[in-house]
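Please go through this model with me, one point at a time. I would like to know how its parts are divided and how its chains meet.

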4 protein chains.
Amino acid sequence: MDFTFDARTADLHEKLTDFMQEEVYPAEPRFEDEMAALDNPWARPPVIEALKASARDRGLWNLFLPDDRFGAGLTNLQYAPLAEITGRSPHLAPEALNCAAPDTGNMEVLSAFGSPEQQDRWLKPLLEGQIRSAFCMTEPDVASSDATNIATRIERDGDGYVVNGRKWWSSGAMNPNCTIFIVMGKSDPGAERHRQQSMILVPRDTPGVTVKRGMHVFGYTDASHGGHAEVEFTDVRVPADHLIAEEGSGFAIAQARLGPGRIHHCMRLIGAAERALQLMCERVSERVAFGRPLAEQGVVRDWIAESRVRIEQARLLVLKTAWLMDTVGNKGAHTEIQAIKIAVPQMAEWVIDKAIQAHGAAGVSQDTPLAALWASARTLRLADGPDEVHRASLAKRELRKYS
Amino acid sequence: MDFTFDARTADLHEKLTDFMQEEVYPAEPRFEDEMAALDNPWARPPVIEALKASARDRGLWNLFLPDDRFGAGLTNLQYAPLAEITGRSPHLAPEALNCAAPDTGNMEVLSAFGSPEQQDRWLKPLLEGQIRSAFCMTEPDVASSDATNIATRIERDGDGYVVNGRKWWSSGAMNPNCTIFIVMGKSDPGAERHRQQSMILVPRDTPGVTVKRGMHVFGYTDASHGGHAEVEFTDVRVPADHLIAEEGSGFAIAQARLGPGRIHHCMRLIGAAERALQLMCERVSERVAFGRPLAEQGVVRDWIAESRVRIEQARLLVLKTAWLMDTVGNKGAHTEIQAIKIAVPQMAEWVIDKAIQAHGAAGVSQDTPLAALWASARTLRLADGPDEVHRASLAKRELRKYS
Amino acid sequence: MDFTFDARTADLHEKLTDFMQEEVYPAEPRFEDEMAALDNPWARPPVIEALKASARDRGLWNLFLPDDRFGAGLTNLQYAPLAEITGRSPHLAPEALNCAAPDTGNMEVLSAFGSPEQQDRWLKPLLEGQIRSAFCMTEPDVASSDATNIATRIERDGDGYVVNGRKWWSSGAMNPNCTIFIVMGKSDPGAERHRQQSMILVPRDTPGVTVKRGMHVFGYTDASHGGHAEVEFTDVRVPADHLIAEEGSGFAIAQARLGPGRIHHCMRLIGAAERALQLMCERVSERVAFGRPLAEQGVVRDWIAESRVRIEQARLLVLKTAWLMDTVGNKGAHTEIQAIKIAVPQMAEWVIDKAIQAHGAAGVSQDTPLAALWASARTLRLADGPDEVHRASLAKRELRKYS
Amino acid sequence: MDFTFDARTADLHEKLTDFMQEEVYPAEPRFEDEMAALDNPWARPPVIEALKASARDRGLWNLFLPDDRFGAGLTNLQYAPLAEITGRSPHLAPEALNCAAPDTGNMEVLSAFGSPEQQDRWLKPLLEGQIRSAFCMTEPDVASSDATNIATRIERDGDGYVVNGRKWWSSGAMNPNCTIFIVMGKSDPGAERHRQQSMILVPRDTPGVTVKRGMHVFGYTDASHGGHAEVEFTDVRVPADHLIAEEGSGFAIAQARLGPGRIHHCMRLIGAAERALQLMCERVSERVAFGRPLAEQGVVRDWIAESRVRIEQARLLVLKTAWLMDTVGNKGAHTEIQAIKIAVPQMAEWVIDKAIQAHGAAGVSQDTPLAALWASARTLRLADGPDEVHRASLAKRELRKYS
């Protein structure tokens, strides 16, 4: 057992930390100003392209992608501490490194399951950061944590497929640069539970695709992430070669996509919690009430200590999960993947809540990143299946050990 | 000891419940549509005036005001259950009844401390629901929970006063109908701690008043409450008769204003929690996952039971506090007023969080009122002094009992 | 609505408070010394009889019993604040007033359902404090929160009944003065669910009754309460007139017994929490660490404030529950009775835990009453049905409101 | 980074697991029976010696001691997973392996700081498991978490030292085999804060030593650990060569002793939590209520999942702490040592509490090990300094990072 970073991770860690200090944090106010000045609330401001160019120059590009034909070829364990750092500035850093959800998961799907033609047409520009993509899975009318509930249909018709259905929380789809959707639907409702689903590529400009509105998260539109769209698919016809892999493989692809996705989300949240702890420490060191800095109040110190204790534990669990995924595979790491999905958002929510409280009213406002960080942590208790589904499933596996 | 409503309360309770069912809940979607259609995001949509007219017809007007020269003449204990009901639809009901913060507190101040001229010029149109008002107390640069920190100056100069300072979280001030500000500042920084402050009336259109921006609350602008403005006062001159009561009475007026304000906030939050519990129960009864309604899941039932248990306890504490204020005065009810300020927002936050979770992603979105209700509960852990200040003060009093 | 004690309650409250100050608290160390000196760990020390005599002289006797033919004739609402006070010294005060469980419940059963002969033979000496009794309900082999699980048999055989079964947690039965057991068993397993059970009086010295051992509670034997016995009934024959009421009425009697029992338990726990809060305040005012009294530490103040806030809420809910039982009956108060059963033990556990922490290692030891108070609060999350059963049941009722 | 055990750890882990299965768990009921049959409640039953002999045969002896002149020579990281396993049966396994507190800490002190004569006279028989020892640090009259408060005096007088003072919570001292005490006291109250203290060896039979009573932990005497004694030292004279190291080194020795002690305590608690989780899973799989096994109840599953999630995180933090101690030393691992002291007892308390609840009344009784495990977890929130001291200290260090 050993808790040291390997040389490549240490090197990238240092480079990325420098990039954050030198460019990303200073770009945060510029980003806000540019966003405020845009005509289209969903457009991306120029600062983003500048950051992307710099990150690429610094060798901090596509770090997320384990397949070294296409990306950095890092293991999950190597990438995890880097993803954490990007979570400290989640509106800028992941996109700057071309490591933003949902593109990361979509690129993984295309690199692992896409045909050469699909890779050429969509993976390539995604890897170059020229286009964005969306993943259309969740549906408003059913409990989507149960994949057998999915109502969207993908039906073979001649030399193509016809897609009908309604999705929401299709993250990124409000972004005008988002040109390709991966859509999950049922191609064979009569098949075995986990062979009913397929995934298909639907270009955004295909007739019948309607991006209806952006969902809010608390009061946020998440424009900086391309929003979360409600999308209607009405008799949307795409050529047969837009299907990913083969009919019936949708569930398996979704599962393959989820493991790394959860690791990335969780690592970024740890970065968000670290940022919140730092802001809290800085604030309470400066702010004076009733004649002394807040930092001298016992309750505030208690928050700081408890934050440190919770962050450390959560980080180690994510790292171990990454290591398990690398060594025994996603399936062998199933319990741990669920465990971090349960543990990390609630940890981050707690830490950020305390940082908010330490900031007084500024904490809930636009004057700190805290309220937005909190909202994204809270939302991850629901995204990719609510906590309760993961808890029930993890418990079942635990019970089997002793019976 | 007796837990029954008196006849007047019971009668108003029934009338108000009818009004909610017949007009307020149905107006919620209309309100959203009208807000979306407005040119000015801060303007008030027509539905509000319709509700106000109806509430007035039904005898549900100015219920909050204990002074029967001006208002309904209810005790705190009589008004509390009514305020609770308005909290079920906090964007519409309080304003419909002319019982919305911060006007309620401002009207109390004017009715108790205002000169006949001040009452005539500002209290009257406020009581009629013709204008709105703001209360400018909190400042961005100091911990305002400690009133001696206030930096805004109110200085005598000839036949007037000159106000200089910067305020934020001046709720209601973004509303174009908001025409009068009550401003807290220091008139004599050399006086005894609690005689340094004064309050003064500043018409919004006085030269030197700049409403700079609206503060956000978890992404919300709270436009329906008139927002929370940052306001600058630069050499703002008002006639001397705009001072409320006398120089040095600002702290005492603020204290008198706070007690009822907290009761009202807390009662509305209890209504918000009840609404959330109702929405949770309805949702889980309808929603099916893994083959059965969510309502059959043990964890969901646990949330429901715990919500009921917490709401009941909090409500009783608020009612007892109202009774104490009526019988022994705000000062005698000091411990209980602080206790509800501590207890109720955290209760409401907890219940609403569970309702959100039960709704899945819809819970954090604009498709239910839950996320906005949560944000306002969370914010009340900071408004009127953060929890920690009240906890420390309550504990000191408790410790004195035993030493 | 009114939160004042009526005259009778106020008078008894004052008398009881005086008795506690003048006799009960001073008797606590004497009790410990006398217990240590006894040969039989289960015997009752002489100080108890002295306290009983004095309480009777002071008019503080059988206050619990609402039936004024036999007891004080107080309503639940009148008795509740008195029971609270006895909970401040739970090893001495309830017994001193002849208001100790399980005798209180047993006396209620006998006064309401007993035959004149049963009342004469057992209720009378119980009311005089001459004998003690036990209630034999819980069984080791089944989840007794579900009454249909009860396995003990009560079978008619000629002019008597024969009892067979195994009980545990028969509180009081280790006390040598405990001479009569009320035993719950099935007389007709084939009847409708809630008509299968009967209750029967079994004198302790009946052949076939074996008191096997005392159960421990976190290491405590609870000798001062007569322990919690495991009891075997092997072909125990009693005359037919020992049956209480009629065959098949056991479940109904148990339900009637439970409501007041829960109120009493909860009120005593509130007294226990108040005692813990007082001890905490006293301790932290005296104890110095790192150069200042613990009372000046923010975290300690936070505990004190939160304790006060939680106690006040819980007390009000119990009082309202008592009022409901008096005005609409146990059935109408069902939700509230379950609510206090859920809320009060967890509140008391929390407060006492903090008081323990404030005492350092002394808090877990025999040098303060805190650890024992904690153990009894913890146990009440299990006694009379675990929290989870009450939560599930309360939630079901809540869900019905909205469907 | 790598999460695999090295070969030696893996080998010992397997051997120890076998020993637990084959001998320790089966010995638990025998231990209870033998304890019950003893005349002296503090004596050790024969089963212990049998287990010790077997553990020694199996090569599972003195594993705790990193100094390979005297013990197994394992690193903290190697020993940690083994200590965890012993925590599953804390009354038997640690002593069976000669790895029980407080002897472990005392043996470390003697091996690192003892003179050859001290090692010969006391370390040797301790290593052989022939005698036991106590560590006399905590005092009843002062907050001992602040070492400068210590009131016991160690005064040079001719060719010896004279010890005066009162200690309590001297764990192990009630055991008749406990023949040597290490006593902390002040030798020079005028010296610099951390040079005032010395440690000295006091044989139990020295005149003036009075073992007054055993302290209770909740209702437990902890006889199986040799209890926790209150000890008076009245003019106790020992030869000068009984002083450990040199005058003024007491604080430094105490600090050196604490790091590994905390690791050991924490690892054993993780084992205790694992045992509780196992018992909970087994219980709920068997127990039926309302027609189905408890294991099918959502709330119970939630406990199980949450337990697993908490245990995993806590274990990783302890392992990393052990690794840090091995690689950068106790001082470099200061934050992490405090972090596990804060995190692990509260985790264990939570998990064991849920296991208790799942067992119903059996859970608080002597029929499962759960209540005793809980009491020891709870006590560790106080032992070696209350949580609050560690939290405040950890927070101070955290704050320094950002200022």
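What follows is a set of questions and answers on domains and contacts.

This is a predicted model, in which local features need pLDDT of at least 70, side-chain atom pairs count only at pLDDT 80 or more, and totals for chains, interfaces and linings use all residues. Residues are numbered from 1 along each chain as its sequence is written, and chains are lettered from A and ligands numbered from 1 in the order in which they are written.

Reader: Which residues does domain 3 of chain A cover?

Author: Domain bounds here come from an automatic or database domain assignment. Chain A has domain 1 at 7-114 and domain 2 at 132-244. Domain 3 of chain A covers 251-401.

Reader: Which helix gives the most to the side of chain A that touches chain D?

Author: The contact takes 38 residues from chain A and 38 residues from chain D. On the side of chain A, α7 (250-286), α8 (298-332), α9 (334-358) and α11 (387-401) each supply at least two residues; helices (H or I, at least four residues) and strands (E, at least two) are DSSP runs, numbered from the N terminus. With 16 residues, the most comes from α8(A).

Reader: What relation do chain A and chain D have?

Author: Chain A can be laid on chain D with an RMSD of 0.0 Å, by a turn of 180° and a shift of 0.0 Å along the axis (least squares on the C-alpha atoms of residues with pLDDT of at least 70 in both). That is why the relation is that of a two-fold axis.

Reader: Which element gives the largest share of the side of chain C that touches chain D?

Author: In this contact, 30 residues of chain C meet 31 residues of chain D. Two or more residues come from each of β8 (288-289) and α10 (370-379) of chain C. The largest share, four residues, comes from α10(C).

Note on methods. Two residues are in contact if their C-beta atoms, placed from the backbone, lie within 7 Å.
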